[in-house]
Amino acid sequence: MTSIAVKNLSKRFGATRAVDDVSLKLEPGKIYGLLGRNGAGKTTLLNLITYKIFPDSGEVTIDGCDVSVRDTLLGKIYHMTDKSYFQDDFQVKRLFRWCQDFYPAFDQPYAESLAAKFMLAQSKTQTQLSTGYATIFRAILALASNAPVVFFDEPVLGLDAAHRELFYRELIAHLCLKPKTVVISTHLIDEVAEVLEEVIILHAGRVALQQSVEDLLEQACLVTGAGDKVSTFVARYTVVGSETLGNTKTAIIMSPLAPDEKLAGERLGLEFSRVNLQRLFVALTNPQGV
Amino acid sequence: MLIDFKIDRPIFLQLAEAIEDDVLDGRYPEDGQIVSTTDLAVTLRINPATANKAISCLVDEGVIYKRRGVGMFVAPGARDKILNKRRERYWQNFVEPMLHEAAKLGIAEEDVIAIIQERGRVK
């Protein structure tokens, strides 16, 4: 099992700090969600960890070894990107064979069985694949790579709802059989929330939060009620977002409430409920607050 | 067992309760084998660690026992254990919210009792 540590990693593109002093740890066997708004730095971070681009400062270690001095370690990570680096006019089945030849750990029979489940025509060349099937093809390569760490960058881009379901199920089935560390970068938070064990939220190049999904949802609380009462009640907590509709206000606070605090609020006519991951994400990453 | 997960409680709790429901209504008899955590995770499309956590809770409560290399089974006496636990929570989970809502709607307590007596007879 492989663990990855990122320490004070930074990368600028011109005046933009694409990744700004990011530190995080990826523990073996967990499924991470890498979430962030467009341009938050998700893809840059994954490219930095896999050393496709070089950081301005900071370091990445795999199992305690610095990647910049031991690049063979990068073989432990398979990074599914939005591009294919294979020759376009090769048929899918030829590429599966090719992968088998070049990556000893690649599981060709598994790749072929996945292709059958997704009804991916193996006689097609990459250029003949639709957007969805091009993504499916790259996702299959990632699943069959057998690398101990797999990064999925937008693995369901262009997939229909049935294929997205199939992807998540196959991913889970695969991980139950062969546990590994997985990072899924996606904008479709609602549908992936239950698959994730931990989330890393990037905002403007920085880690806004890294926490287990369960703890995060346990901590966040949605308070609803009359506007002035909600405002007074939430004043002593960390408010990450609020919204007003007529006389009603909702506010998301990031503090677990003790039973007596909750009871006091209920006596004021306030209602408390849990928040889903997507709503929390929007609140945490929206400067206007929602 | 197909569960429509709600936001109000952690998923592992909802899963544990769904398995308990299946034991309560006899779908899983005592000493009967229950589906594997892999099947649970894949079918319900949840993180395998979440499925494991639900099962661990049930093992801790003595509802399920594991036989190495064979699988997971409903413990003898599991049904009574679940019944006792659920009866203790009945007030909190059902009666309290009902009275709370009645108060909000201005329904008097004696009217609540009358409604239960009038229409509430399930059998």
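This is a predicted model: local features need pLDDT of at least 70, side-chain atom pairs count only at pLDDT 80 or more; totals for chains, interfaces and linings use all residues.
Me: How many helices and strands are there in chain A?
Reply: Residues are numbered from 1 along each chain as its sequence is written, while chains are lettered from A and ligands numbered from 1 in the order in which they are written. Helices (H or I, at least four residues) and strands (E, at least two) are DSSP runs, numbered from the N terminus. Chain A has ten helices and 14 strands.

Me: What share of the residues of chain A count as buried?
Reply: A residue is buried if 20 or more other C-beta atoms, placed from the backbone, lie within 10 Å of its own, exposed if 12 or fewer do, and partly exposed in between. The C-alpha atoms of chain A fill a box of roughly 70 × 40 × 35 Å along the principal axes. Of its 290 residues, the buried share is 39%.

Me: Which strands pair with β7(A), and in which sense do they run?
Reply: Two strands pair if DSSP finds at least two bridges between them. Strand β6 (residues 77-80) of chain A is joined to β7(A) by four bridges, with Tyr78(A) the bridge partner of Val150(A). Five bridges join β7(A) to strand β8 (residues 181-185) of chain A, where Val183(A) is the bridge partner of Phe151(A).

Me: What handedness has the β-α-β unit made by β7(A), α5(A) and β8(A)?
Reply: A crossover is right-handed if, with the strands pointing away from the viewer, the path from the first strand over the helix to the second runs clockwise. The unit of β7(A), α5(A) and β8(A) is right-handed.

Me: Is Glu165(A) buried, exposed or partly exposed, and why?
Reply: Glu165(A) sits in helix α5 (residues 161-177) of chain A. Because 14 other C-beta atoms lie within 10 Å, Glu165(A) is partly exposed.

Me: Which element gives the most to the side of chain A that touches chain B?
Reply: Two residues are in contact if their C-beta atoms, placed from the backbone, lie within 7 Å. The contact between the chains takes 16 residues from chain A and 13 residues from chain B. On the side of chain A, α5 and α7 (213-219) each supply at least two residues. With six residues, the element that gives the most is α5(A).

Me: Why do β12 and β14 of chain A stand at the edges of their sheet?
Reply: Four strands of chain A form an open antiparallel sheet in the order β12-β13-β11-β14. Neighbouring strands in this sheet are turned by 20° against each other on average, direction ignored. β12(A) pairs with strand β13 (residues 248-253) of chain A over six bridges, and Val239(A) stands opposite Ile253(A). β12 (239-245) and β14 (271-273) of chain A are edges because each has a single partner strand.

Me: At about what angle does α3(B) run to β2(B)?
Reply: Chain B has an open antiparallel sheet of three strands in the order β1-β3-β2. Its β2(B) is joined to strand β3 (residues 71-74) of chain B by four bridges, with Lys66(B) and Met72(B) as bridge partners. Axes are lines fitted to C-alpha atoms, for helices over the stretch in contact, and angles run from 0 to 180 degrees between N-to-C directions. α3(B) lies across β2 and β3 of chain B, and its angle to β2(B) is about 105°.

Me: Where in chain B is confidence lowest?
Reply: Chain B averages a pLDDT of 92, and 97% of the residues score at least 70. Confidence is highest, at 97, in helix α3 (residues 48-60) of chain B. With a mean of 89, it is lowest in helix α5 (residues 109-119) of chain B.

Key. pLDDT is the predictor's confidence in each residue, from 0 to 100.
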